[in-house]
Amino acid sequence: MNEKTEKLIDKKGIRLDGRKADELRSLKLEVGVLPNADGSAYIEHGKNKILVGVFGPREVHPKHLSRPDRMVVKCRYHMAPFSVPERKSPAPSRREVELGKVIRESLEPALFLELYPRTGIDVFIEVLQADGGSRCASITAAALAIADSGIPMRDLVAACAAGKVEDTVVLDLYDAEDKLGAADVPVAYMPNLNAVTLLQMDGILAPDEFEKAVDMAIDGCKKIYALQKEALKTKYMNVKEEIKEEPEE
Amino acid sequence: MSTLITRVRQKQIGQTIDAGKRLDGRALTDYREIKIEQGLIEKAEGSARILLGKTEVLVGIKVEIGTPFPDTPNEGVLTVNVELVPLASPNFEPGPPDENSIELARIVDRGIRESKAIDNEKLCIEPGKKVFVVFVDVYVLNHDGNLIDASALAAVSALLNTKMPNYEIKDGEVKIKQGYTPLPLRSHPITVTIGKINDKLVVDPWLEEEQVMDARISMAINDEGNICAIQKGLAGYFTPQQIKEASKIAQEKAAEMRKKLKW
């Protein structure tokens with residue numbers, strides 16, 4: 001870290017981007033955006049712009065990966081070369097491999113894997129622009145895309161991070177806070193089951209700060225969850241209107 | 001990383017844990033026996049071998065001169081790599097690292113990096129040009145469960161045993177001199193992994209318990225008892241209450257484990 005010219009939080013507790021400590025960035029969610037995918041979603045979470053496509057349940061390739069007692073979920077998290085200030089090589093980095101794994105594991109608890117033996121679904125996540133918290137935004141969108149594909153789910157998965165910036169626990173860190181802040185705690189949560197399906201942390205937090213961060217992130221997830229449901233409903237409202245508009249006979 | 005295990009055995013493991021016990025006689029929050037041996041690889045700048053029950057991990061550390069990252073010109077570089085050596089388990093295959101080995105390496109890396117265990121600025125030779133690069137290579141020699149804690153402990157033990165070559169700068173050239181200085185360490189992070197089996201929290205799951213466990217959570221704890229890295233894994237979940245409980249268990253266990261380190 002070279003120098004911190006500006007304070008990330010001012011005396012009134014307002015962050016550099018104008019938010020309060022427990023305020024989410026603006027969110028835009030849309031489902032059914034890709035014609036060729038079985039399910040899809042697009043999310044704008046702050047400046048994050050992420051597209052998710054879901055394919056399946058379908059035959060697993062390569063075949064030896066299929067399981068006789070359940071469905072396998074494959075998940076690819078991938079960042080576009082132009083998604084970050086310095087061009088990212090399109091080859092999958094170790095970070096992307098790890099994120100693919102933890103995102104998959106955050107979605108699997110929502111699925112009835114045992115109902116689809118010998119099949120698989122593919123979740124493809126393309127980060128078009130990243131601005132801190134892209135794994136959380138990816139999970140939020142991926143859960144919507146799976147719901148859009150019609151695969152039964154125990155609950156939607158909503159995700160959001162909390163962290164520590166200048167001794168304050170804050171919600172939903174953006175890029176600068178993520179890089180210069182003291183800690184980052186991404187959380188994915190299924191509200192109906194009270195289940196945390198993703199939890200990671202880096203930085204240093206005292207145990208009580210950690211508990212506060214987890215609680216704050218879960219509250220953020222609940223707000224995002226409401227928006228997710230809204231986005232799903234909106235798609236079918238639009239379908240309803242389209243049907244109405246078509247002339248009879 | 002799965003081995004076949006019979007339904008009867010799965011049930012047995014679950015029922016014993018329901019009763020607050022474990023098949024190998026441990027309590028739910030007990031670690032297996034830990035043995036640490038340091039400095040067994042003479043050609044490496046640092047090394048350590050850990051036995052956690054039957055899980056065996058060897059860590060070798062090489063210190064070389066390299067270039068710093070452009071955004072941190074006066075800091076040394078840390079690189080962690082994990083080899084799941086095929087002789088350690090019937091399920092490990094030779095080839096490029098798979099997602100399990102990448103995840104494991106990144107968990108070990110995060111524990112060391114986020115606790116600021118290595119005093120990176122002391123590894124700088126010439127700002128922006130030359131720094132020491134610390135390569136932590138984790139070699140899993142026998143897989144009997146909980147590779148995360150074994151690897152993290154072995155890595156810290158090996159760092160404690162690491163010597164950096166002395167050097168001098170002559171006419172802009174770095175010359176290695178006789179003798180060594182110990183690697184500057186500020187913290188000794190301990191990673192504690194807790195599994196969830198039948199909705200109960202179990203410390204240091206071994207191989208068979210890993211087959212029936214729904215989810216795991218690994219927490220790295222620094223010397224002050226603060227949390228410096230977390231990773232939840234596997235396709236299960238934790239309730240917020242269980243996470244807080246796990247954090248308390250991790251604090252206690254990390255303090256206990258830290259006493260076993262030699263420094």
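**Exercise 1. Helix α1(A) against helix α2(B)**

Task: In this predicted model, find which residues of α1(A) and α2(B) meet, and say at what angle α1(A) and α2(B) pack.

Solution. 
Step 1. List the residues. From α1(A) come R94(A), V97(A), E98(A) and K101(A). They meet E99(B), I102(B), E103(B) and R106(B) of α2(B).
Step 2. Sort them by class. The contact of α1(A) with α2(B) has 6 charged and 2 nonpolar residues, and no polar ones.
Step 3. Take the geometry. The axes of α1(A) and α2(B), the latter spanning residues 99-114 of chain B, are 9 Å apart. The packing angle is about 105°.
Step 4. Classify the angle. Angles of 65 to 115 degrees count as roughly perpendicular, so α1(A) is roughly perpendicular to α2(B).

**Exercise 2. Helix α1(A) against helix α2(A)**

Task: Describe how α1(A) and α2(A) cross, and state which residues make the contact.

Solution. 
Step 1. Locate the helices. In chain A, α1 covers residues 94-107 and α2 covers residues 134-149.
Step 2. Read the geometry. Their axes come within 10 Å and cross at roughly 45°. That makes α1(A) oblique to α2(A).
Step 3. The crossing of α1(A) past α2(A) is right-handed.
Step 4. Name the contact. On α1(A) the residues are L99(A), I103(A), S106(A) and L107(A). On α2(A) they are R135(A), S138(A), I139(A), A142(A), A143(A) and I146(A).
Step 5. Sort by class. This contact of α1(A) with α2(A) has 7 nonpolar, 2 polar and 1 charged residues.

**Exercise 3. The interface of chains A and B**

Task: Work out how many residues each chain gives to the contact, and which element of chain A gives the most.

Solution. 
Step 1. Count by chain. Chain A gives 25 residues and chain B gives 27 residues.
Step 2. Find the elements. On the side of chain A that touches chain B, those giving two or more residues are α1, β9 (195-205) and α4 (207-245).
Step 3. Pick the top contributor. β9(A) gives the most, with 11 residues.
Step 4. Sort the chain A side by class. Its residues divide into 14 nonpolar, 7 charged and 4 polar.

**Exercise 4. A sheet with strands from two chains**

Task: Trace the order of the 8 strands in the open sheet. Then explain why β7(A) and β10(B) stand at the edges.

Solution. 
Step 1. Write the order: β7(A)-β6(A)-β8(A)-β9(A)-β12(B)-β11(B)-β9(B)-β10(B), with antiparallel pairing.
Step 2. Check the edges. β7(A), residues 168-171, and β10(B), residues 200-203, each have a single partner strand, so one side of each is left without a neighbour in the sheet.
Step 3. From one strand to the next, it averages 20°.
Step 4. Look at the pairing between chains. β9(A) and β12(B), residues 227-233, pair antiparallel over 4 bridges. D202(A) has A229(B) as its bridge partner in β12(B).
Step 5. Look at a pairing within chain A. Antiparallel strands β6(A) (residues 158-165) and β8(A) (residues 183-190) are joined by 7 bridges. A158(A) stands opposite Y189(A) in β8(A).
Step 6. Place the helices. α4(A) packs on the sheet and touches β6, β7, β8 and β9 of chain A together with β12 of chain B. Its direction makes about 145° with that of β6(A). Helix α5(B), residues 240-258, lies across β9(A) and across β9, β10, β11 and β12 of chain B. It runs at about 140° to β9(B).

**Exercise 5. Backbone exceptions**

Task: Locate the cis bond that joins G56(A) and P57(A), and the one from H61(A) to P62(A). Are D172(A) and N146(B) buried or exposed?

Solution. 
Step 1. Most peptide bonds are trans, and most residues other than glycine have a negative phi.
Step 2. Take the cis bonds. G56(A) to P57(A) has omega of about 5°, and P57(A) sits in strand β3(A). H61(A) to P62(A) has omega near -10°, and P62(A) sits in the loop between β3 and β4 of chain A.
Step 3. Take the positive phi values. D172(A) has phi of about 60°, in the loop between β7 and α3 of chain A. N146(B) has phi near 55°, in the loop between β6 and α3 of chain B.
Step 4. Apply the cut-off. A residue is buried if 20 or more other C-beta atoms lie within 10 Å of its own. D172(A) has 27, so D172(A) is buried. N146(B) has 26, so N146(B) is buried.

Key
Residues numbered from 1 in each chain as written. Chains lettered and ligands numbered in written order. Predicted model: local features only at pLDDT ≥ 70, side-chain atom pairs only at ≥ 80, totals over all residues. Axes fitted to C-alpha atoms, helices over the stretch in contact; angles between N-to-C directions. Parallel < 35°, antiparallel > 145°, perpendicular 65-115°, else oblique. Left-handed = near helix turned anticlockwise from the far one by under 90°. Contact = placed C-beta atoms within 7 Å. Nonpolar A, V, L, I, M, F, W, Y, C, P; charged D, E, K, R; others polar. Pairing = 2+ DSSP bridges. Buried ≥ 20, exposed ≤ 12 C-beta atoms within 10 Å, placed from the backbone.
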